[in-house]
Amino acid sequence: MFVALILLLILSLLGVTAARMQTVEERMARNEDNHQLGAQAAEAALRSAENGLLTGIYANFTNNTNGLYTLDATLANPSPINGMDWSAANAALPYAGPALGNVPPGSQTPQIVIEQLPQAGSVGQSAAVTSLNPASPPVSVYRVTARGVGADGTSTTLLQTIVR
């Protein structure tokens, strides 16, 4: 009888451990799903902002508000992304691309910040050639940062790209 009780205790402990492992694995899968939804939303916002830059939708960087900023290398913190409050009004642009119908409502509002960087020469061109050759003027360069949020708001993803 004593041996049977010990075996029953061991089997009970194994059952409880297996149930806990299942719960942890389920939570890990849910967290990964949230992360992927946030990344998909951020990717959509990034591509929409790139398209907006290339088509000329985003052009007014002089006010340094509403998600359109000019990088100021003279400041101690030249980029507005460092320490940015994404929930502040006029801090970032809302996503304005095609509807994100395949993601849950919590992930359908990614945000965008576009920074105008100093102009650069064309690909394969040195700065000296650019200043001597007015036929090939410097190229505008932008850093685009997109922020996507997972379905339940516990996961955020930041993606960046450089657009010329």
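Mentor: Glutamate 50 and arginine 47 both sit in helix α1, 3 residues apart, about one turn of the helix; helices here are DSSP runs of H or I with at least four residues, strands are E runs of at least two, and both are numbered from the N terminus. Keep in mind that this is a predicted model, where local features need pLDDT of at least 70, side-chain atom pairs count only at pLDDT 80 or more, and totals for chains, interfaces and linings use all residues. Residues are numbered from 1 along each chain as its sequence is written, and side-chain values use heavy atoms, leaving out hydrogens and water.

Back to our pair: the two side chains meet in a salt bridge at 2.7 Å, N to O (a side-chain nitrogen of Lys or Arg within 4 Å of a carboxyl oxygen of Asp or Glu). Glutamate 50 is buried at 16% relative accessibility, while arginine 47 is partly exposed at 40% (buried is under 20% relative accessible area, exposed over 50%, partly exposed in between, with a 1.4 Å probe and protein chains only).

Now jump to glutamate 115, which bridges to arginine 143 with the closest N and O atoms 2.8 Å apart. That pair ties distant parts of the chain together, 28 residues apart, with glutamate 115 in strand β3 (residues 111-120) and arginine 143 in strand β4. Glutamate 115 is buried, at 0% relative accessibility. Shared partners also join Glu43, Arg47 and Glu50 into one salt-bridge network. Over the whole structure, a search finds 4 salt bridges.
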